[in-house]
Structures are given as structure tokens and as C-alpha cells.
Amino acid sequence: MRKVFCLIFLAALAAGAAAADISASAPQGITLTVYDTGLALARDLRRVDLPRGEVSVRFAQLPRTIQPETLSFSPPPNVSGIDVREQQVVYDLDSLQSMMRRYESRLLTVTTPAGTESGVLQPMQDTSGAFALRKNDGSVSVIPADKVMAVTFPDAGTQAFLEPALLWRAVVSTEGPQGIRLSYGLSDLSWRAAYELIMEPGGTAGSLSGRAGILNRSGADFSDARVRLVATAGRGGADSAAALRYAYGWRHPSAGAAATFPAPTGSFDLPQPVTLKNNEEKFVTFCSAPSIPVSRFYVYDGVQFDRFQRNRRNDWNYGTEYQTVVDQRLEFENKEQYGLGFGLLPGVFRLYERRGDGSVDLAGENRMDEVPAEGRGSVLLGPARGLRGERERTGYSEVVPSRAYEETFEIRLENDTASEVEIRVVEHLYRWNNYEIVRADAEYTETAPQTIEFRPILKPGGRRAIHYTVRYSW
Amino acid sequence: MHFRSSIRLAAMCSLVAASAIAEEPVTLAVGPASTLVQEWRTLVLQRGEQEIEVLNLPAETDMSSLQLRLKRRALPVLSWSAGEAPAPDGFSRRGRDARWSRSGSGDSAAGDLQTVRLRVNSPSSGRQDVQLIYLVSNITWSASYQVAVRGEVADDRPVSVDLWSRITLVNSTALAFDRARLYLTGLPPAPPAKKPPGFLMLNRESPLSDLWRPAVPRPEPQYTYEIPEPVRIMPGRSDIKFTVAERLPALPLYRLTSEAVPVSTRRKGWPLELLLVLRNRRASGLGVALPPGPVDIHRGSLWGPLTDRGWLPHTPVDGEMRISLGASEDVQGWRRDLGRQRADVDAWHVDYEIEIQNLRKSPVMIEVEEAPPVVLAWELFSSTESCVRRAGRLIFRQEVPEESRHRIEYRLHVREAAL
């Protein structure tokens, strides 16, 4: 009996829109929770006027990427008086294979390089995508998939579901108008954030603008939607290279299985409703600070180590390699008095600097992590243009064998910009925590354990060398 | 007159005013990943919120970077989008039918233009010049040099050099401007790396195996180069004159590098590389930072025979330019290993010799860039000649008299790694 009913229901579905007796309204009061991973949760209100008894209800204007298993609705049956016996999300224009399944035993036209052929599509076990068409004369023509240039599906508007739709077969005990709130997950709806900061030359403040781009490829339009943007910490998942651990309740250790859903790290509610059209990326300005104090500085941290494990305490070769890039960094306070004061989403941060002729220069770009309200934003903006450093060890001696060693370094800096710059030269005293700077030809400060910092100023086109000797003792 | 001009003001999507062109300079800063475009357009704005359309932005525009600025302040933009992009599937609707075709429309094609609709909040009414700032991809640049060496490189005759440089801009977008100030940033691709020396089965944990590994690109210092005159920007490839300098005084210099002259016992000397050394000075007609690029070297004039092809690294103002004229058999060199002696339990003294033979009938200036053939760190213990240590090399520079031999011996102090 159940099988017969299912056949009847599917036959009704195959007839398309005619199977749904009642259509629900267009979505209203849409709220979207959009994750930066491309997943989203949607909630909208549909109005429908239902008669008592068994009805078929159709909900249209759903996204193509809806995840049917996540679909739920409220209020519950004991409140609404709607007992949903079956529900199905249908959409045939999802792929050519879906349309072919819908058009089995129906007439269609296939275009090949040799011309067009029409016939009734015959089901085939072959999975290569070939078409088998039965002609009027009883013959069957098989067209390989790679020969197919186009396929025309006649009367598709009535024979197939060209837009996603939710179909209900329900028994209604309370007739009259109702408001039904649908909730569902969908994919291909994502967001990204970008920050643009323009600084005046030599200035200590800038104009900051933050914008969120919401890319909608879900297949649906969302009108006047309330949008919450959620940042995540990325996906977990089982890693075959991970260490073996005992999962809770397991008797044997296995590769660590983590939650596959990305962990939210922060969120932001857009202040105004947003209309998101399908296949459109909409940008919304979500923060604006016309004059925010910023600290921009340059850092040369030259030492680098090779990939070989060494005894850092007394290996003579340790720490003798260097890199030449001077990094530029930028810091600002996320405070309400500057027009901020709320959690800033992670995103691309671009620093522009105004030139003397009024134009601006893109001075650096990098990803900024989330900045909490009242916190401090810090961005590494890549190599500083026109600045270069070298670090060379010029001396190493055992003052007292196995008791005290001395190392001497020369740090050379070049400024090929048109501005005077201060470079923070960071030196790590990595060999041991008992150290003493016995000679230095520039002032320095201890900024952290086993870390000193020089701050030389270089004039435009200037060159500068710093020398220092550190003594380690044990 | 700018190539593109139109901007429209629309109130709630209906066109109510058209724009004129602002006579402000267009600026392009072409970087390694993207190009920053700054252009001015004239808008007719009403006070308060309204919708406007900006036409003819390239399809390669990064919309997240779009900024609008008035003369003295930013123009608040509430939201914007570039409209509906074609769906990336192959279906289309034709009347009552549906049609699938293999040539499904995808994203915008390279070189297309697009319209951006913005919702702005203008602080005032009237015609206003608005600066558009945005980033565009698919524009690249490179530099190249042509050098003509006048006269023979002989010690008793002056040598001069003509230098032409040009910038090649490959614009794969629809961006076009009649006059634009052009800045180049970042570094173009470096010359191809030399092929690693053959294939050997080496212990991966040995430092020597690094010679056979693909080089990991390291971050490099970045520079900005300004093209002095405004240029015309058109889609496709453009060659832009950068600098022209004639009769630059040049000094010959013979260089021995560790890469070109291996430590060996062979009897025949290795030819030294002949360089012409110039200064990048304003008085010489240059005086701007020169970007790195390949150099074609001709004899006599630009139409003379092509004698060599080299590479000019980034050269700052007042920096030294070196143009390679190839190997010279007139000045030869050797590098020899003189052996080593134990200096301590875990330390050695290693001796090397460099010999230069000048076969010319006049003295020559030589420079030795000696990267000691030591894998680990080293210190100079002693040397028969004075030298400078730079970037892990010993630099010797001195004159070698005519038809003579000159030897340099140096001793290094090296220590075994403490593991």
C-alpha cells in the first residue's frame, strides 16, 4: 500500500507544479547567518492559507544549493495544526543528468556536429552520459556523450522543476492563514572582509574603511535580509598523519578525529538589511574611522637558522645565516572613540600611503586576524619597499673555554626611499640566558628576555652599520 | 582627454544625470600581484543617500578595494556590487523550453568592462570631482636594457657607454588611458636559476643535499620605480621608454668569482669576467632607481653586433652598475686549496690561494669575490692582502701590473659543527 502511495506521489511530482495544490508566499523576514567557509543558515517566513484536510503545499524561491536534510520549520504541528507527512526538495536544472532522469520516456532534441536528432529518451544502464533516442520509425539512435553539443527539453516549464521547490504533503487540522518559518542550511554563500587604510605621508593617523563582500552563488535572491557574518577557525577533520589518541569510549587509539564543522571565532551583524542577488558579490561598508591613530614601523630581524638541528649553545656555526627583508608593521587601537570599538572580522588589510603628488601608493597588504573590541590590531604588511638589511657575524671567541664565549655582529642597513626612517633592529641572544652586551656602538633596549632592540634612524638614501658584541657565560 | 569618461548618476536606478571628465591625472602603480589605479571622474551628486553607477571598470577589478574620495575627504559608500555575473552552468531558458549546451557561460571574460552600482551618502549637492581607487589584476611589467659600448676596452683609451632602457607593460585588461603616471613596484621575475649539478643519491639530512633541492623562494626587498613622463595605457603589450643616457664614462674591471673559477689544480688559467663599471648619477643622465632586467650588449652602437646578454640587478640612485662583457682570456685566474691544519680539538685552519695572471701590456684592476669553499661558518684568520667581508664573501680589489702574476693567500678558521 505504501509503495503504491509513493508511486502516486512521485507521479504527481513528475507532473511538476500541477501536483502542488497550494503555493506558499515568497520569503519574508529573511535572516542569514553566513560563514566564511561558504556555508550559511537561512530562516524565512512564508504565509500560506490552508484548507482543512490533506493538502499539497509548494514553497518556491529556495536556493539551488539548499541542503534538504537541514530543512525544518516552525511552529510545531501541535501549535500550527499542520501534520507534514512527506516533504521533498525538487530541482531538475541542477545538472544534465537530473534533466535526463526527468525526461526518461519523453521527447527531446539533441544537437550534435552532424545535426539535430529528436526522439524519446530511453533509459540506459550506461553511465557515460550517452543518449539513446527512440525515433518514430522504431529505431534507436545512441549518441555518445562527447558528441552532444546541446540538448533541448521541450515544455520544460511544466514537465520539470526548473527552480528549487519544497513540496509538502500534509494533513491540516486548523484551516486558515498561517505563518510558517522555514530554516535550512545552504552552501555557496560566503563572505570576505577587507580593510583599506590611507595614511598621509609621515603621518601618524589614517582613514580606515572596512567592507564585507558577500558572494551569493546559491541560486536564490534574498531581499532585505538581516545578515550575520561569522568567522571560523577553519575546518578540522581526521588527519592520517596526526598522533594516535584514545577517543572517548573507544578501546583502541586512532588518528585524532576533530569536529568537521568550523568553530566560530567571531561574528558581526550588518546594521542594515541587505538584498543579495544570485551570482552577485555585494559589498557593504561595515566600519569607517576617518581619523584613527596608527603606529607604523619597520623591523629588521635578520637572523635565520637552517633546517639542521644543532647545539645552539656552543655550535660555532649556529645563527650565521641571515635574510635581507625589512618588514613593515602597523598597529592601531580598536576603540569606540575612533569610530570602532567592536570586534573586527578577519580579512585583508591594505595600507595606502599618499604621495607628494596627491596619488596614493599601496604600501603593503596582508591578512589581519580578528581584532576584539578595545583590543589592538597588529598587521604584518610584508617587505618595506626600499629598505634592506644584512646581518653578519664578524667575530667569535672563547673567552674562557666552555665557560664564556663572545660573538660579534655587524648589521648593515640601507634606506633607498625618499623619507627618513627608523628601523627597529631586533637581535635575539639565542645561545644562553646568561648574557652581557660588552660592546655596542648604538643604543639598545632589552625588549624581552634574551632580546635587544636597536632603533637607528636612516636618512633618505642613507646607509648605517651597527656593531655589538655579546658575551655568554655558563 | 581620458579614454573612458562616463559615469552616471541614477536615483533609485533611474538615470538622472551624466558626468563630465575631470582633468586630474590618472595614476597606475603596477605591482607584482595587482595594479593600483587612481582616476578622477565628475559626479553630479545630491545631498544624502542615492544610487549611482560607475561605468567601464575592468572585469579584473578587485571590488573589495574600491574607494571613492572627494577632494578632501572620503565619499561614504554604503554598499556596492558589480551586478549579476553569468551563472557558471550550461543551462538557459528559451521560451517554454530549457536548453543545455556545452558552451555554458562562465565568469566575465578577460578584457571585459563592467558597471558598478553604488549606494553613497553625499555630504553635499552639485558637480563634484571624485577619485576612484581600485586594484586590478592581470597587468605585469618588466624592464630591459640595451647597451652600446663605444670604442675598444683598452687601458690607454677612454671607454663610454650608451644605455637605453625600456619598460614592457603587458595589460591583459580593458584599462586604457591617454595619459597616466606610471609607478612600478615589486620585483619582476629574476633570471632563471642555474640548473643544479646533476643527480646524485645524497643523504637528505646532509647540508650538501640542499644543492639538489629546488630553491625555496625567499622574500626579497621591494623597490618603487617611477616613469618620469606620463604614458599612454592601452590593452595589450606596450613598450615604454624609461631612460636614455649617452656617453657614460665606464671603467673596465676584471672580476674573479668563486662560481666561475672553481678550486682546482688545472694548469690552464680560467678567464676572468670583464665588466664595465658605471655610476647611476644624475649628472650622467640617469639618477633614477633602475629596476632589474636583462641587458643586451652591443659593440659600437645599438646596431652593432650583439656581444653578450647579461642581467642588471636593482640599482639605486648613485649606485654602481656593472655590465658584463663576457670572459676575457687576457686576464686569467686560479683558485687553489693549500691544505689544512688542526688548530684545536674541533677547529681547523684552512689555507687557500688565488692567483691572477695579467697577459695585457697594461695594468688592470681586478676584483675577487671569494666565497670560501666551506660549507659551515668561517672566520678570516689572516690574509696577504686587505679585503672586505660582505654577505659571506671576501672582496679583494687591487691593481695587477702589466704582464705579471699576483698571488693572494688567505687562511680561514673553521670549526666542526657541535651537534
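Me: Hi! Starting in chain B: how many bridges join strand β25 to β26(B), and do they run parallel or antiparallel?
Reply: Happy to dig in. This is a predicted model, and in it 3 bridges join strand β25 (residues 388–390) of chain B to β26(B), with the two running antiparallel. One pair to click on is Arg390(B), whose bridge partner in β26(B) is Arg393(B).

Me: What sits between those two strands in the hairpin?
Reply: There are 2 residues between β25(B) and β26(B) in that hairpin. Ala391(B) takes a positive phi there, near 50°.

Me: And which other strand does β26 of chain B join?
Reply: Strand β23 (residues 364–370) of chain B is joined to strand β26 (residues 393–400) by 7 bridges, and that pair runs antiparallel. Within it, Glu369(B) has Ile395(B) as its bridge partner in β26(B).

Me: While I'm in chain B, where is Ser383(B) found?
Reply: Ser383(B) belongs to strand β24, residues 378–383 of chain B.

Me: Why does Ser383(B) count as partly exposed?
Reply: Because Ser383(B) has 16 C-beta neighbours inside 10 Å.

Me: How far apart in space are Ser383(B) and Ser328(B)?
Reply: They are 27 Å apart, C-alpha to C-alpha. Along the sequence, 55 residues separate them.

Me: Switching to the interface. How many residues does each chain give to the contact?
Reply: Chain B gives 51 residues and chain A gives 59. On the chain B side, the elements that supply two or more residues are β3 (26–30), β4 (35–45), β6 (61–69), β7 (77–81), β9 (97–101) and β14 (177–185).

Me: Which strand of chain A is joined to β9(B) by bridges?
Reply: That's strand β11 (residues 150–153) of chain A, joined to β9(B) by 4 bridges in an antiparallel arrangement. Look at Val151(A), for example: its bridge partner in β9(B) is Trp100(B).

Me: Nice. Now chain A itself: how many helices and strands?
Reply: Chain A has 4 helices and 34 strands.

Me: What does its radius of gyration look like against a compact globule?
Reply: Chain A comes out at 33 Å, whereas a compact globule of 474 residues would be near 23 Å. The C-alpha trace spans about 100 × 60 × 55 Å along its principal axes.

Me: How is chain A divided into domains?
Reply: Domain 1 covers 2–34 + 43–92 + 161–186, domain 2 covers 103–154 and domain 3 covers 288–473. The centres of domain 2 and domain 3 of chain A, taken over C-alpha atoms, are separated by 68 Å.

Me: What fraction of chain A counts as buried?
Reply: Of its 474 residues, 34% count as buried. On the contact side, if you take pairs in chain A at least 6 apart in sequence, 69% of those contacts join residues at least 24 apart.

Me: Which strands make up the open sheet in chain A?
Reply: The sheet has 4 strands in the order β1-β4-β12-β6, with mixed pairing. Its edge strands are β1 (22–23) and β6 (82–90), each of which pairs on one side only. β6(A) is joined to strand β12 (residues 165–172) by 8 bridges, and those strands run antiparallel. Val84(A), for instance, stands opposite Ala170(A) in β12(A).

Me: And what does β9(A) pair with?
Reply: With strand β8 (residues 115–121) of chain A, β9(A) (residues 131–134) pairs in the antiparallel sense over 2 bridges. There, Leu121(A) stands opposite Leu133(A). β9(A) is also joined to strand β10 (residues 140–143) by 4 bridges, again antiparallel, and Phe131(A) stands opposite Ile143(A).

Me: Which residue in the turn between β9(A) and β10(A) has a positive phi?
Reply: Gly138(A), at about 95°, in a hairpin with 5 residues between the strands.

Me: Last one: where is the pLDDT of chain A under 50?
Reply: Chain A averages 87, with 91% of the residues scoring at least 70. Residues 1–20 are below 50, and that stretch has 17 contacts in the model beyond near neighbours in sequence. Residues 235–240 also stay under 50, with 13 contacts beyond four places in sequence.

How values were computed:
Residues are numbered from 1 along each chain as its sequence is written. Chains are lettered from A and ligands numbered from 1 in the order in which they are written. This is a predicted model: local features need pLDDT of at least 70, side-chain atom pairs count only at pLDDT 80 or more; totals for chains, interfaces and linings use all residues. Two residues are in contact if their C-beta atoms, placed from the backbone, lie within 7 Å. Two strands pair if DSSP finds at least two bridges between them. pLDDT is the predictor's confidence in each residue, from 0 to 100. The radius of gyration is taken over C-alpha atoms; the globule rule is 2.2 Å times the number of residues to the power 0.38. A residue is buried if 20 or more other C-beta atoms lie within 10 Å of its own, exposed if 12 or fewer, and partly exposed in between; C-beta atoms are placed from the backbone. Domain bounds come from an automatic or database domain assignment.
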